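Look it over, then work through the questions below.

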Amino acid sequence: MHTKEELYSNKIFFNAALPLVKVIANDVPSLAKQFEKVHAVIQVSALDPDAEGGKVGMHFVVNGNPGGENEWLVHLNKVDPKPHVELEFKSVEAMNAFFKGKMSPATLPKMKGIVSHFGAFKAFLMTLLKMSSLLGATEAPKDEATKELLVKCFFYLLSSGISQLNKMGHEDIHDWTSKSPDRVYAWAVDNYPSVSAYLRIKAGKSRAGRGEYKRAMPFFTLRFDSLDSALGILLGTDDMLESVKTGKLIMDGAPEFGGQIGSYMLEVAALAK
């Protein structure tokens with residue numbers, strides 16, 4: 001029997017963290033090149049006797065395009081019966097431990113497709129390692145492109161993670177969304193419109209989105225004056241109150257909503273570590 005915390009963590013890894021593979025594979029030129037000749041179904045799964053079919057998972061359908069943008073289709077909560085490449089964990093708990101950096105013989109997945117689809121397997125593994133190094137960072141990277149990618153990934157992870165916890169009935173978060181009218185909460189960095197994400201909530205429902213929310217002005221936005229300021233908060237190296245005082249972090253909306261959304265960001269971060 002899984003604990004609530006294990007199920008919450010697993011859903012965040014499957015539905016919020018792993019979709020970042022697509023972002024990283026397309027944004028990092030060296031990785032995009034690795035996928036140019038890949039045409040494969042790539043799956044991550046965990047054996048689970050409580051699930052239909054005895055397994056939970058998600059998969060990507062990748063169609064490489066030499067000289068152009070590779071096509072990635074992301075299928076959440078869907079197990080493909082015959083993927084070309086698969087990382088299959090022996091349990092939900094083993095998968096959680098692996099992605100939290102607790103690697104051991106007991107947490108390593110069964111790796112399928114190494115021989116028959118070596119190119120796809122290698123490219124996917126390289127991208128997973130890149131994702132792990134980004135999300136496991138303890139200090140800001142030196143180059144601007146990596147800073148931009150890291151902030152983008154964190155914004156996507158946090159907005160999607162909060163939404164996933166709501167959909168699973170997380171007590172505090174679902175209580176918050178169930179009492180809310182139609183509102184949009186956003187994350188943004190000045191002068192970087194592509195580095196943004198949002199969360200729309202209404203009467204218990206939630207939907208995370210990437211990029212700017214353009215249908216209306218967000219109800220509340222956590223806005224940073226620079227990538228470095230964003231990373232100071234996201235990596236926990238800066239104090240939030242001090243960042244607000246110095247103008248590094250601007251709360252476009254009532255401050256109490258900043259504290260509220262901040263606490264849910266910390267909840268996602270704790271479950272992913």
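Q: How many helices and strands does the protein chain have?
A: This is a predicted model. Its secondary structure comes as both helices and strands. The count is 10 helices and 10 strands.

Q: Why does the protein chain count as compact as a globular protein of its length?
A: The globule rule gives 19 Å for 273 residues. The radius of gyration is close to that, so the chain is as compact as a globular protein of that length. The radius of gyration itself is 19 Å.

Q: Among contacts between residues at least 6 apart in sequence, what percentage joins residues at least 24 apart?
A: A contact needs heavy atoms within 4.5 Å. Take the pairs at least 6 apart in sequence, then keep those at least 24 apart. The kept part is 66%.

Q: Which backbone nitrogen lies 3.0 Å from a polar atom of the side chain of Ser-91?
A: Beyond its neighbours within four places in sequence, Ser-91 is in contact with Ala-46 and Leu-47. The side chain of Ser-91 also has a polar atom 3.0 Å from a backbone nitrogen, that of Ala-94.

Q: Is Pro-109 buried or exposed?
A: Pro-109 is in the loop between α4 and β5. Setting aside neighbours within four places in sequence, Pro-109 is in contact with Leu-87, Glu-88, Phe-89 and Phe-98. Its relative accessibility is 9%, and the cut-off for buried is under 20%. Pro-109 therefore counts as buried.

Q: Which residues does Gly-253 touch, not counting those up to four places away in sequence?
A: Gly-253 lies in the loop between β10 and α10. Its relative accessible area is 36%, which makes it partly exposed. Pro-218, 35 residues apart from Gly-253 in sequence, is 9.0 Å away, C-alpha to C-alpha. The residues touched by Gly-253 are Phe-219 and Phe-220.

Q: What is the phi of Asn-77?
A: Most residues other than glycine have a negative phi. Asn-77 has a positive one. This residue is in the loop between β3 and β4, and at 51% relative accessibility Asn-77 counts as exposed. Its phi is near 60 degrees.

Q: What is the phi of Ala-203?
A: Ala-203 lies in the loop between β7 and β8. It is exposed, with a relative accessible area of 54%. Ala-203 is not a glycine, although its phi is positive. The value is about 50 degrees.

Key:
Residues numbered from 1 in each chain as written. Predicted model: local features only at pLDDT ≥ 70, side-chain atom pairs only at ≥ 80, totals over all residues. Heavy atoms only, no water. Helix = DSSP H or I, 4+ residues; strand = E, 2+ residues; numbered from the N terminus. Rg over C-alpha atoms; globule rule 2.2 N^0.38 Å. Buried < 20%, exposed > 50% of the residue type's maximum accessible area, 1.4 Å probe, protein only. Polar contact = N/O pair within 3.5 Å; in protein donor to acceptor, adjacent residues only side chain to side chain.
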